[in-house]
Amino acid sequence: LIGDAINKYKEITGKNIKINIAPENQDVMIKGDFTQLQKVFLNLVVNAKEALIGKVNPVVAINATPVSVRSAEISPDLSPGSYLRIDVSDNGHGMSLESQARCFEPFFTTKNQDEETGLGFSGNGLGLASAYQIIRQHGGLLTVQSLLGKGTTFSVYLPVAVFPNSESTRIDMNAVQSPLEQKIQVEVKSKPNKNSEEIKKGLWN
């Protein structure tokens, strides 16, 4: 899912933005709508690119990590269990607390917006709202963390299930019934990526 789109991500970000994807050392198999999930990550990369306009040494980092979530640890909307968390981070301009609280609302945008409502004049702002709904339909959650002047991380949580008689780990897609439903391979890092970790440290330390 991620590895197959590396060239597309680089095409989106352009030559001036460095894109780091954590090295693959372990495979996680997920079951879902490949096209819809790819839309989510393409949208997050586009948002990262826009957040990096005017920044020196701009970087986008993508990391995938298996995590165990306790009840209400991340959000009341995310049930406890095992998840694959895929982070899309940038060292861009960051978002205000108000923008973080509203960024998944339809038509909310920080670009070409009405100052009172935050709604876009040009019909923009559907990307993150659509991405959020797609991940919810997959039984997961999309979250955001950001600091002004430091950067932003969007985290996609997708539930993991171990299928009988198989060592592979897959996403249980009971919430989605789609003719495009397929098993999708996701690359997961087992060792930290130095550049990616530097972005995270810059954001949260």
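User: Two strands count as paired if DSSP finds at least two bridges between them. In this predicted model, over how many bridges do β3 and β4 pair?

Analyst: The threshold for pairing is at least two bridges. β3 and β4 run in the antiparallel sense, and the number of bridges between them is 10.

User: In what order do the strands of the open sheet lie?

Analyst: In general, strands of a sheet pair through backbone hydrogen bonds, either parallel or antiparallel. The pairing here is mixed, and 5 strands form the open sheet in the order β1-β3-β4-β6-β5.
The edge strands, each of which pairs on one side only, are β1 (18–21) and β5 (141–147). From one strand to the next, the twist averages 20°. Read across the sheet, the order is therefore β1-β3-β4-β6-β5.

User: Do β1 and β3 run parallel or antiparallel?

Analyst: β1 is joined to β3 by 4 bridges. Within this pairing, K18 has V59 of β3 as its bridge partner. The direction of β1 and β3 relative to one another is parallel.

User: Which residue of β6 is the bridge partner of V88?

Analyst: β4 pairs with strand β6, residues 151–159, in the antiparallel sense. This pairing extends over 8 bridges. In β6, the bridge partner of V88 is F154.

User: How many of the 10 residues of β4 are buried?

Analyst: A residue is buried when its relative accessible area is under 20%. β4 is largely enclosed by the rest of the structure, because the buried residues among its 10 number 7.

User: Which strands does α2 touch as it packs on the sheet?

Analyst: Helix α1 lies across β1 and β3, and it runs at about 155° to β1. Helix α2 also packs on the sheet, its direction making about 35° with that of β4. The strands touched by α2 are β3, β4, β5 and β6.

User: With which residues is A131 in contact, leaving aside its neighbours within four places in sequence?

Analyst: A131 belongs to helix α4, residues 126–137. With a relative accessible area of 2%, A131 is buried. A131 and N43 are 88 residues apart in sequence, yet their C-alpha atoms are 7.5 Å apart in space. Once neighbours within four places in sequence are left aside, the residues in contact with A131 are V40 and L142.

User: Is D87 buried or exposed?

Analyst: D87 forms a salt bridge with R85, and the closest N and O atoms are 3.0 Å apart. R85 counts as partly exposed at 22% relative accessibility. The relative accessible area of D87 is 2%, and the cut-off for burial is under 20%, so D87 is buried.

User: By about how many helical turns are K8 and E11 separated?

Analyst: K8 and E11 form a salt bridge, with their closest N and O atoms 3.8 Å apart. K8 is partly exposed at 39% relative accessibility, whereas E11 is exposed at 59%. Because K8 and E11 are 3 residues apart in helix α1, residues 6–13, their separation is about one helical turn.

User: Which residues are linked with E98 in a network of salt bridges?

Analyst: The structure holds 5 salt bridges. In one of them, the side chains of R102 and E98 meet at 4.0 Å, N to O; these residues lie 4 apart in helix α3, residues 97–102, a separation of about one helical turn. E98 is exposed, with a relative accessible area of 52%. The residues linked with E98 in the network are R102 and E105.

User: What is the phi of N57?

Analyst: N57 is placed in the loop between α2 (34–51) and β3 (59–69). N57 counts as exposed, because its relative accessibility is 60% and the cut-off is over 50%. Although N57 is not a glycine, its phi is positive, at about 55°.

User: Where is A72, a residue other than glycine with a positive phi?

Analyst: Phi of A72 is near 60°, a positive value. A72 is placed in a loop between two strands, namely β3 and β4 (81–90).

Conventions:
Residues numbered from 1 in each chain as written. Predicted model: local features only at pLDDT ≥ 70, side-chain atom pairs only at ≥ 80, totals over all residues. Heavy atoms only, no water. Buried < 20%, exposed > 50% of the residue type's maximum accessible area, 1.4 Å probe, protein only. Contact = heavy atoms within 4.5 Å. Axes fitted to C-alpha atoms, helices over the stretch in contact; angles between N-to-C directions.
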